[in-house]
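Welcome! Here is a short briefing to read alongside the sequence and the 3D view.

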Amino acid sequence: MDPSVCDGLLPNSVGFIGLGAMGKPMVINLAKNLPPNSQIYVHDTVDAPVDEICTRMPGIVVKSASAREVAEKSDVVLTMLPEGIHVRSVYLDTTTGIIAALSSSSTSKLLVDCSTIDTATNLYVKKELVATSPTTAFYDAPVSGGVIGAVNATMAFFLGCAPTDPNVPRLTSLLRTMGGKVIECGGPSLGLAAKLSNNYLSGIITIACAEAMDMGMRAGIDARVLASVFAAGTAQNTICDVFNPVPG
């Protein structure tokens, strides 16, 4: 665990919804780093990963029947979901969603969505949640680092709030149980704006890398030699070094 994590700021009851390729290793790292006797209440529409992790970590990770049940039992809820439509459903379904738990509770909740979705959906969900429970805090915190980063707890979190937000110490301690850097991006949905900007730039670099490799290979340069040239020159970048689109 990151040495800057403060145990005193970590919650004893955490909810986690979405145990896919990213969410499952995030829960495992979270379970390893929370204080003793903590519990993580988890839910996914697919039972297999939930059952597997509950069997692997009995008494620590607990299966829940719905997002609503997760929120009812947790002080903090994290979500890692595929698309905006899933985020809307998990948070705003008036029967099984998190908002249903807020409607029947006077307890303040800290809600953190780590999904990479559109900013409009994020802002709409935040508006609806706060209208139902004004003391509830909802943040976007998309990640970068992929499945390897999730497994190794080296992901970066792009947090949609200002550095002066009073919840930053709690959020930082919690997120660093699952990753490395936590960067406050300025305000609601700006974590997502930062992540989408990062993805856009990564995509452009990938295309440029492919075009440059093609140009050199057509001229007769061996692909491995050309890759080593990029690595040693001003063109050096992570995409070329780690995700070079040329096989081999």
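**A pair of packed helices**

Helix 1 crosses helix 2 in a right-handed manner. Please keep in mind that this is a predicted model. The points below begin with that helix pair and then move on to the domains.

**How the two helices meet**
- Helix 1 spans residues 23-33 and helix 2 spans residues 47-56; they pack at an angle of about 20 degrees, and their axes are 11 Å apart.
- Because angles under 35 degrees count as roughly parallel, helix 1 is roughly parallel to helix 2.
- On the helix 1 side, Lys24, Val27 and Ile28 make the contact, while helix 2 brings Pro49, Glu52, Ile53 and Arg56.
- Sorted by class, this contact of helix 1 with helix 2 holds 4 nonpolar and 3 charged residues, with no polar ones.

**Domains of the chain**
- The domain assignment divides the protein chain into domain 1 (3-188) and domain 2 (195-243).
- Between the C-alpha centres of domain 1 and domain 2 there are 35 Å.
- Where these domains touch, domain 1 supplies 6 residues and domain 2 supplies 4 residues.

**What the UniProt record says**
- An unreviewed UniProt entry annotates residues 14-185 as "domain: 6-phosphogluconate dehydrogenase NADP-binding".
- In the model, residues 14-185 are 42% helix and 22% strand, and the end C-alpha atoms of this span lie 24 Å apart.
- UniProt (unreviewed entry) also places "domain: 3-hydroxyisobutyrate dehydrogenase-like NAD-binding" at residues 191-240.
- Residues 191-240 are 82% helix and 0% strand, with end C-alpha atoms 26 Å apart.

Notes
Residues are numbered from 1 along each chain as its sequence is written. This is a predicted model: local features need pLDDT of at least 70, side-chain atom pairs count only at pLDDT 80 or more; totals for chains, interfaces and linings use all residues. Side-chain values use heavy atoms; hydrogens and water are left out. UniProt positions are given in the numbering used here, feature names are shortened, and annotations may be inferred rather than shown by experiment. Helices (H or I, at least four residues) and strands (E, at least two) are DSSP runs, numbered from the N terminus. Axes are lines fitted to C-alpha atoms, for helices over the stretch in contact, and angles run from 0 to 180 degrees between N-to-C directions. Angles under 35 degrees count as roughly parallel, over 145 as roughly antiparallel, 65 to 115 as roughly perpendicular and the rest as oblique. A crossing is left-handed if the near helix is turned anticlockwise from the far one by less than a right angle, and right-handed if clockwise. Contact means heavy atoms within 4.5 Å. Ala, Val, Leu, Ile, Met, Phe, Trp, Tyr, Cys and Pro count as nonpolar, Asp, Glu, Lys and Arg as charged, and the others, Gly among them, as polar. Domain bounds come from an automatic or database domain assignment.
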